[in-house]
Amino acid sequence: MKIIEFYKLTDDPVLSLEIFPPQASYPIESLFHTIEELRDLEPDFISVTYGAGGSTRDRTVEIASSIKKDFGIETLAHLTCMAHSRQEVDHILETLWDRGIRNIMALRGDPPADAESLEMIQREYHYAWELIEEARKKADFGIAAAAYPEGHLECQKNSDDIIHLKQKVDAGVDVLISQLFFDNRKFFDFIDRSLQVGINCPIVPGIMPVLNAKQIKRMISLSGASITSELLKLLDKYGDLPEEMEKAGIEYASRQVEDLLTNGVPGIHMYTMNKSRQIKEIAKNAGL
Ligand code: FAD
(Lines give C-alpha, C1' and ligand atoms only; values in the text may rest on other atoms or scores of the structure.)
Protein backbone atom coordinates (compact mmCIF):
# COMPACT_ATOMS: atom_id res chain seq x y z
CA MET A 1 0.00 0.00 0.00
CA LYS A 2 1.24 3.50 -0.78
CA ILE A 3 1.69 5.61 2.35
CA ILE A 4 -0.29 8.51 0.85
CA GLU A 5 -3.39 6.33 1.33
CA PHE A 6 -2.99 6.56 5.13
CA TYR A 7 -3.24 10.35 4.93
CA LYS A 8 -6.24 10.15 2.61
CA LEU A 9 -8.13 7.38 4.38
CA THR A 10 -8.60 8.85 7.82
CA ASP A 11 -8.92 12.12 9.69
CA ASP A 12 -6.93 10.62 12.55
CA PRO A 13 -3.28 11.64 12.55
CA VAL A 14 -1.00 9.13 10.84
CA LEU A 15 1.80 7.83 13.05
CA SER A 16 5.09 6.94 11.40
CA LEU A 17 8.31 5.88 13.06
CA GLU A 18 11.83 6.14 11.70
CA ILE A 19 14.55 3.64 12.54
CA PHE A 20 18.10 3.23 11.32
CA PRO A 21 19.94 0.00 10.43
CA PRO A 22 22.58 -1.00 12.98
CA GLN A 23 26.22 -1.31 11.89
CA ALA A 24 27.08 -4.59 10.15
CA SER A 25 28.93 -5.84 13.26
CA TYR A 26 25.84 -5.32 15.42
CA PRO A 27 23.20 -8.08 15.54
CA ILE A 28 20.12 -7.20 13.54
CA GLU A 29 17.94 -9.14 16.03
CA SER A 30 18.27 -6.36 18.60
CA LEU A 31 16.62 -3.97 16.13
CA PHE A 32 13.88 -6.49 15.47
CA HIS A 33 13.31 -6.61 19.23
CA THR A 34 12.94 -2.78 19.23
CA ILE A 35 10.48 -2.97 16.33
CA GLU A 36 8.49 -5.58 18.24
CA GLU A 37 8.24 -3.16 21.16
CA LEU A 38 7.34 -0.22 18.91
CA ARG A 39 4.62 -2.32 17.35
CA ASP A 40 2.49 -1.66 20.47
CA LEU A 41 2.05 1.90 19.15
CA GLU A 42 0.32 0.53 16.04
CA PRO A 43 2.30 2.76 13.68
CA ASP A 44 0.84 3.20 10.21
CA PHE A 45 4.28 2.74 8.70
CA ILE A 46 7.92 2.51 9.67
CA SER A 47 10.67 4.14 7.65
CA VAL A 48 14.22 2.82 7.46
CA THR A 49 17.11 5.20 6.80
CA TYR A 50 19.79 4.65 4.19
CA GLY A 51 23.33 4.75 5.56
CA ALA A 52 25.43 7.63 4.33
CA GLY A 53 28.63 5.62 4.72
CA GLY A 54 27.51 2.59 2.77
CA SER A 55 28.16 -0.20 5.27
CA THR A 56 24.54 -0.49 6.38
CA ARG A 57 22.91 0.08 2.97
CA ASP A 58 22.08 -3.54 2.25
CA ARG A 59 20.49 -3.72 5.67
CA THR A 60 17.97 -1.01 4.71
CA VAL A 61 16.40 -3.31 2.13
CA GLU A 62 16.56 -6.33 4.44
CA ILE A 63 14.98 -4.49 7.40
CA ALA A 64 12.33 -2.70 5.34
CA SER A 65 11.25 -5.93 3.71
CA SER A 66 11.14 -7.73 7.08
CA ILE A 67 9.01 -4.94 8.62
CA LYS A 68 6.48 -5.58 5.90
CA LYS A 69 6.69 -9.36 5.65
CA ASP A 70 7.35 -10.46 9.24
CA PHE A 71 5.75 -7.63 11.22
CA GLY A 72 2.89 -6.88 8.82
CA ILE A 73 3.58 -3.12 8.98
CA GLU A 74 3.81 -0.91 5.89
CA THR A 75 7.30 0.39 5.22
CA LEU A 76 9.11 3.30 3.63
CA ALA A 77 12.69 2.62 2.51
CA HIS A 78 14.99 5.65 2.34
CA LEU A 79 17.32 5.92 -0.65
CA THR A 80 19.97 8.55 -1.36
CA CYS A 81 21.28 9.14 -4.87
CA MET A 82 24.27 11.43 -4.49
CA ALA A 83 26.97 8.78 -4.37
CA HIS A 84 25.32 6.36 -6.82
CA SER A 85 25.44 5.98 -10.58
CA ARG A 86 22.19 5.83 -12.54
CA GLN A 87 22.83 2.15 -13.15
CA GLU A 88 23.18 1.47 -9.41
CA VAL A 89 20.00 3.39 -8.61
CA ASP A 90 18.14 1.42 -11.27
CA HIS A 91 19.33 -1.82 -9.69
CA ILE A 92 18.40 -0.71 -6.14
CA LEU A 93 14.92 0.38 -7.24
CA GLU A 94 14.44 -2.98 -8.92
CA THR A 95 15.57 -4.84 -5.79
CA LEU A 96 13.22 -2.79 -3.60
CA TRP A 97 10.29 -3.48 -5.89
CA ASP A 98 11.12 -7.21 -6.10
CA ARG A 99 11.28 -7.41 -2.30
CA GLY A 100 7.75 -6.03 -2.08
CA ILE A 101 8.70 -2.49 -0.98
CA ARG A 102 6.25 0.00 -2.44
CA ASN A 103 7.33 3.27 -0.82
CA ILE A 104 10.60 5.11 -1.02
CA MET A 105 11.90 8.23 0.66
CA ALA A 106 13.81 9.79 -2.24
CA LEU A 107 16.79 11.82 -1.03
CA ARG A 108 19.86 13.42 -2.44
CA GLY A 109 21.95 12.54 0.62
CA ASP A 110 25.16 14.14 1.81
CA PRO A 111 28.70 13.71 0.50
CA PRO A 112 30.58 10.73 1.96
CA ALA A 113 32.80 11.64 4.91
CA ASP A 114 35.94 11.06 2.84
CA ALA A 115 34.91 13.43 0.02
CA GLU A 116 36.33 16.90 0.61
CA SER A 117 33.61 18.71 -1.23
CA LEU A 118 30.56 17.97 -3.31
CA GLU A 119 32.52 18.80 -6.47
CA MET A 120 35.04 16.03 -5.87
CA ILE A 121 32.54 13.26 -6.39
CA GLN A 122 31.81 11.96 -9.87
CA ARG A 123 28.16 12.77 -9.69
CA GLU A 124 25.38 11.60 -11.90
CA TYR A 125 22.72 13.04 -9.59
CA HIS A 126 22.74 16.54 -8.16
CA TYR A 127 19.36 16.87 -6.50
CA ALA A 128 16.66 14.66 -5.05
CA TRP A 129 14.14 15.63 -7.74
CA GLU A 130 16.22 13.68 -10.30
CA LEU A 131 15.84 10.51 -8.22
CA ILE A 132 12.13 11.22 -7.79
CA GLU A 133 11.67 11.45 -11.57
CA GLU A 134 13.62 8.24 -12.05
CA ALA A 135 11.66 6.31 -9.42
CA ARG A 136 8.38 7.55 -10.90
CA LYS A 137 9.39 6.19 -14.30
CA LYS A 138 10.69 2.93 -12.92
CA ALA A 139 7.63 1.61 -11.06
CA ASP A 140 4.46 2.58 -9.26
CA PHE A 141 6.20 3.56 -6.01
CA GLY A 142 4.71 5.81 -3.35
CA ILE A 143 7.24 8.61 -2.98
CA ALA A 144 8.14 10.70 0.05
CA ALA A 145 10.77 13.43 0.23
CA ALA A 146 12.46 15.63 2.81
CA ALA A 147 11.36 19.15 3.74
CA TYR A 148 13.21 21.70 5.87
CA PRO A 149 11.05 24.03 7.99
CA GLU A 150 14.04 26.25 8.73
CA GLY A 151 15.62 25.84 5.29
CA HIS A 152 18.26 23.37 4.13
CA LEU A 153 21.70 24.22 5.51
CA GLU A 154 23.30 24.56 2.06
CA CYS A 155 20.69 26.94 0.73
CA GLN A 156 21.44 30.60 1.48
CA LYS A 157 17.87 31.82 1.15
CA ASN A 158 14.76 30.12 2.54
CA SER A 159 12.77 31.61 -0.32
CA ASP A 160 14.97 29.69 -2.81
CA ASP A 161 14.78 26.50 -0.76
CA ILE A 162 10.99 26.50 -0.91
CA ILE A 163 11.07 26.97 -4.71
CA HIS A 164 13.39 23.95 -4.90
CA LEU A 165 10.97 22.07 -2.67
CA LYS A 166 8.11 22.88 -5.03
CA GLN A 167 10.20 21.59 -7.95
CA LYS A 168 10.77 18.37 -6.00
CA VAL A 169 7.06 17.96 -5.28
CA ASP A 170 6.22 18.61 -8.94
CA ALA A 171 8.60 15.82 -9.93
CA GLY A 172 6.22 13.37 -8.24
CA VAL A 173 6.21 13.50 -4.43
CA ASP A 174 3.17 12.21 -2.52
CA VAL A 175 4.18 13.17 1.01
CA LEU A 176 6.81 15.44 2.57
CA ILE A 177 8.42 14.58 5.89
CA SER A 178 10.13 17.35 7.77
CA GLN A 179 13.53 17.76 9.28
CA LEU A 180 13.51 17.88 13.08
CA PHE A 181 12.69 21.20 14.72
CA PHE A 182 12.10 22.37 18.29
CA ASP A 183 9.97 25.41 17.72
CA ASN A 184 6.51 24.62 16.38
CA ARG A 185 6.06 28.21 15.21
CA LYS A 186 8.80 27.57 12.63
CA PHE A 187 6.85 24.59 11.33
CA PHE A 188 3.54 26.45 11.10
CA ASP A 189 5.24 29.35 9.32
CA PHE A 190 6.77 26.85 6.88
CA ILE A 191 3.35 25.34 6.16
CA ASP A 192 2.04 28.81 5.30
CA ARG A 193 4.98 29.48 2.98
CA SER A 194 4.57 26.08 1.34
CA LEU A 195 0.90 26.73 0.64
CA GLN A 196 1.78 30.12 -0.84
CA VAL A 197 3.99 28.46 -3.49
CA GLY A 198 1.35 25.84 -4.24
CA ILE A 199 2.65 22.82 -2.31
CA ASN A 200 -0.50 20.89 -1.52
CA CYS A 201 0.67 17.44 -0.47
CA PRO A 202 0.69 16.41 3.23
CA ILE A 203 3.67 17.85 5.13
CA VAL A 204 4.37 15.73 8.16
CA PRO A 205 6.37 17.12 11.08
CA GLY A 206 9.42 15.09 12.10
CA ILE A 207 10.05 15.05 15.85
CA MET A 208 13.28 14.01 17.50
CA PRO A 209 13.23 14.08 21.30
CA VAL A 210 16.26 15.47 23.11
CA LEU A 211 17.26 12.62 25.38
CA ASN A 212 20.67 13.84 26.46
CA ALA A 213 22.60 17.08 26.50
CA LYS A 214 25.44 15.90 24.24
CA GLN A 215 23.08 14.74 21.52
CA ILE A 216 21.51 18.16 21.13
CA LYS A 217 24.71 19.86 19.95
CA ARG A 218 25.05 17.27 17.19
CA MET A 219 21.37 17.55 16.29
CA ILE A 220 21.63 21.31 15.92
CA SER A 221 24.84 21.28 13.90
CA LEU A 222 23.49 18.63 11.50
CA SER A 223 20.01 20.07 11.06
CA GLY A 224 20.39 23.81 11.61
CA ALA A 225 17.30 23.69 13.85
CA SER A 226 17.01 26.68 16.14
CA ILE A 227 16.81 26.06 19.83
CA THR A 228 14.05 27.58 21.95
CA SER A 229 14.67 29.48 25.18
CA GLU A 230 12.61 26.84 27.00
CA LEU A 231 14.89 24.07 25.77
CA LEU A 232 17.97 26.14 26.63
CA LYS A 233 16.70 26.50 30.18
CA LEU A 234 16.21 22.73 30.42
CA LEU A 235 19.74 22.17 29.17
CA ASP A 236 21.11 24.63 31.71
CA LYS A 237 19.20 23.00 34.51
CA TYR A 238 19.62 19.33 33.65
CA GLY A 239 22.65 19.23 31.30
CA ASP A 240 24.73 17.33 33.90
CA LEU A 241 21.88 15.18 35.20
CA PRO A 242 21.22 12.49 32.55
CA GLU A 243 18.06 11.01 34.08
CA GLU A 244 16.43 14.38 34.65
CA MET A 245 17.48 15.56 31.19
CA GLU A 246 15.86 12.54 29.56
CA LYS A 247 12.66 13.10 31.53
CA ALA A 248 12.58 16.78 30.58
CA GLY A 249 13.32 15.94 26.91
CA ILE A 250 10.43 13.47 26.84
CA GLU A 251 8.10 16.07 28.34
CA TYR A 252 9.25 18.72 25.87
CA ALA A 253 8.70 16.44 22.86
CA SER A 254 5.30 15.33 24.25
CA ARG A 255 4.16 18.95 24.47
CA GLN A 256 5.48 19.64 20.97
CA VAL A 257 3.51 16.69 19.56
CA GLU A 258 0.38 17.62 21.47
CA ASP A 259 0.50 21.18 20.12
CA LEU A 260 1.08 19.97 16.55
CA LEU A 261 -1.90 17.62 16.81
CA THR A 262 -4.08 20.39 18.23
CA ASN A 263 -3.16 22.45 15.20
CA GLY A 264 -4.29 19.75 12.80
CA VAL A 265 -1.10 18.28 11.32
CA PRO A 266 -1.74 15.25 9.06
CA GLY A 267 0.51 13.00 11.12
CA ILE A 268 3.57 12.73 13.30
CA HIS A 269 6.86 11.22 12.17
CA MET A 270 8.98 10.21 15.15
CA TYR A 271 12.74 9.89 14.78
CA THR A 272 13.00 6.98 17.21
CA MET A 273 16.81 6.69 17.27
CA ASN A 274 15.99 2.98 17.72
CA LYS A 275 14.64 3.65 21.20
CA SER A 276 11.27 2.24 22.16
CA ARG A 277 10.56 3.11 25.82
CA GLN A 278 11.01 6.86 25.40
CA ILE A 279 9.08 7.00 22.13
CA LYS A 280 6.20 5.06 23.65
CA GLU A 281 6.12 7.44 26.58
CA ILE A 282 5.92 10.48 24.27
CA ALA A 283 3.16 8.90 22.20
CA LYS A 284 1.19 8.04 25.34
CA ASN A 285 1.64 11.54 26.84
CA ALA A 286 0.51 13.16 23.58
CA GLY A 287 -2.50 10.87 23.26
CA LEU A 288 -1.32 9.19 20.07
P1 FAD B 1 17.52 18.13 -2.18
O2 FAD B 1 16.07 18.23 -2.10
O3 FAD B 1 18.12 17.76 -3.50
O4 FAD B 1 18.14 19.52 -1.70
C5 FAD B 1 19.52 19.64 -1.41
C6 FAD B 1 19.94 21.10 -1.56
O7 FAD B 1 19.91 21.45 -2.94
C8 FAD B 1 19.01 22.10 -0.85
O9 FAD B 1 19.81 23.13 -0.33
C10 FAD B 1 18.12 22.63 -1.99
O11 FAD B 1 17.64 23.94 -1.74
C12 FAD B 1 19.10 22.60 -3.16
N13 FAD B 1 18.42 22.41 -4.44
C14 FAD B 1 17.46 21.52 -4.75
N15 FAD B 1 17.09 21.65 -6.04
C16 FAD B 1 17.86 22.64 -6.56
C17 FAD B 1 17.95 23.25 -7.86
N18 FAD B 1 17.20 22.84 -8.87
N19 FAD B 1 18.87 24.23 -8.03
C20 FAD B 1 19.67 24.65 -7.02
N21 FAD B 1 19.61 24.10 -5.78
C22 FAD B 1 18.72 23.14 -5.56
N23 FAD B 1 20.28 11.29 4.68
C24 FAD B 1 20.77 10.05 4.48
O25 FAD B 1 21.96 9.92 4.12
N26 FAD B 1 20.02 8.94 4.68
C27 FAD B 1 18.71 9.00 5.07
O28 FAD B 1 18.05 7.98 5.23
C29 FAD B 1 18.15 10.30 5.31
N30 FAD B 1 16.86 10.44 5.68
C31 FAD B 1 16.33 11.70 5.85
C32 FAD B 1 14.98 11.82 6.23
C33 FAD B 1 14.42 13.09 6.43
C34 FAD B 1 12.97 13.20 6.85
C35 FAD B 1 15.22 14.25 6.25
C36 FAD B 1 14.64 15.61 6.49
C37 FAD B 1 16.55 14.13 5.87
C38 FAD B 1 17.13 12.87 5.66
N39 FAD B 1 18.46 12.71 5.26
C40 FAD B 1 18.98 11.45 5.08
C41 FAD B 1 19.33 13.88 5.10
C42 FAD B 1 19.41 14.39 3.63
O43 FAD B 1 20.01 13.41 2.81
C44 FAD B 1 20.24 15.67 3.63
O45 FAD B 1 19.56 16.68 4.33
C46 FAD B 1 20.72 16.17 2.28
O47 FAD B 1 21.68 17.21 2.52
C48 FAD B 1 19.65 16.75 1.37
O49 FAD B 1 18.85 15.79 0.83
P50 FAD B 1 17.49 16.22 0.05
O51 FAD B 1 16.92 15.00 -0.49
O52 FAD B 1 16.67 17.07 0.92
O53 FAD B 1 18.14 17.11 -1.13
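## Exercises on a predicted model

Leucine 288 is placed in the segment after α11 (277-285); helices (H or I, at least four residues) and strands (E, at least two) are DSSP runs, numbered from the N terminus. The structure is a predicted model, in which local features need pLDDT of at least 70 and side-chain atom pairs count only at pLDDT 80 or more, while totals for chains, interfaces and linings use all residues. Residues are numbered from 1 along each chain as its sequence is written, and side-chain values use heavy atoms, with hydrogens and water left out.

### Exercise 1: Strand β3

Which strands are joined to β3, and why is β3 described as largely enclosed?

Solution. 
- Step 1. Two strands pair if DSSP finds at least two bridges between them.
- Step 2. Strand β2 (residues 45-48) is joined to β3 by four bridges, and the two run parallel. In this pair, phenylalanine 45 stands opposite glutamate 74 of β3.
- Step 3. β3 and β4 are likewise parallel and joined by four bridges. Here leucine 79 has alanine 106 of β4 as its bridge partner.
- Step 4. From β3, Glu74, Leu76, His78 and Thr80 point one way, whereas Thr75, Ala77 and Leu79 point the other way; all are buried.
- Step 5. Since seven of the seven residues of β3 are buried, the strand is largely enclosed by the rest of the structure.

### Exercise 2: The ligand

Identify the residues that come nearest to the ligand, the element that gives the most to its shell, and the percentage of the ligand's area that the protein buries.

Solution. 
- Step 1. A residue is near a molecule or strand if one of its heavy atoms lies within 4 Å of it. There are 26 residues around the ligand, of which Asp110, Ala128, Tyr148, Asp161 and Lys168 come nearest.
- Step 2. At least two shell residues come from each of β3 (74-80), β4 (103-107), α5 (128-138), α6 (158-170) and β6 (175-180). The most, four residues, come from α6.
- Step 3. The shell holds 12 nonpolar, nine polar and five charged residues. In this scheme Ala, Val, Leu, Ile, Met, Phe, Trp, Tyr, Cys and Pro count as nonpolar, Asp, Glu, Lys and Arg as charged, and the others, Gly among them, as polar.
- Step 4. A polar side-chain atom of histidine 78 lies 2.9 Å from an oxygen atom of the ligand. For glycine 109, a backbone N or O atom is 3.2 Å from a ligand oxygen atom. For glutamine 167, a polar side-chain atom is 2.9 Å from a nitrogen atom of the ligand.
- Step 5. The ligand taken alone exposes 990 Å², and the protein buries 86% of that. Accessible areas come from the Shrake-Rupley method with a 1.4 Å probe; for residues, only the protein chains shown count as cover.

### Exercise 3: Aspartate 174

Is aspartate 174 buried or exposed, and with which side chain does its own side chain make a polar contact?

Solution. 
- Step 1. Aspartate 174 is found in the loop between α6 and β6. With a relative accessible area of 17%, aspartate 174 is therefore buried.
- Step 2. A polar contact is a pair of N or O atoms within 3.5 Å; within protein, one must be able to donate a hydrogen and the other to accept it, and residues adjacent in sequence count only if both atoms are side-chain atoms.
- Step 3. The side chain of aspartate 174 makes such a contact with the side chain of arginine 136 (3.2 Å). A polar atom of the aspartate 174 side chain also lies 2.7 Å from the backbone nitrogen of isoleucine 143.

Terms used: Buried < 20%, exposed > 50% of the residue type's maximum accessible area, 1.4 Å probe, protein only.
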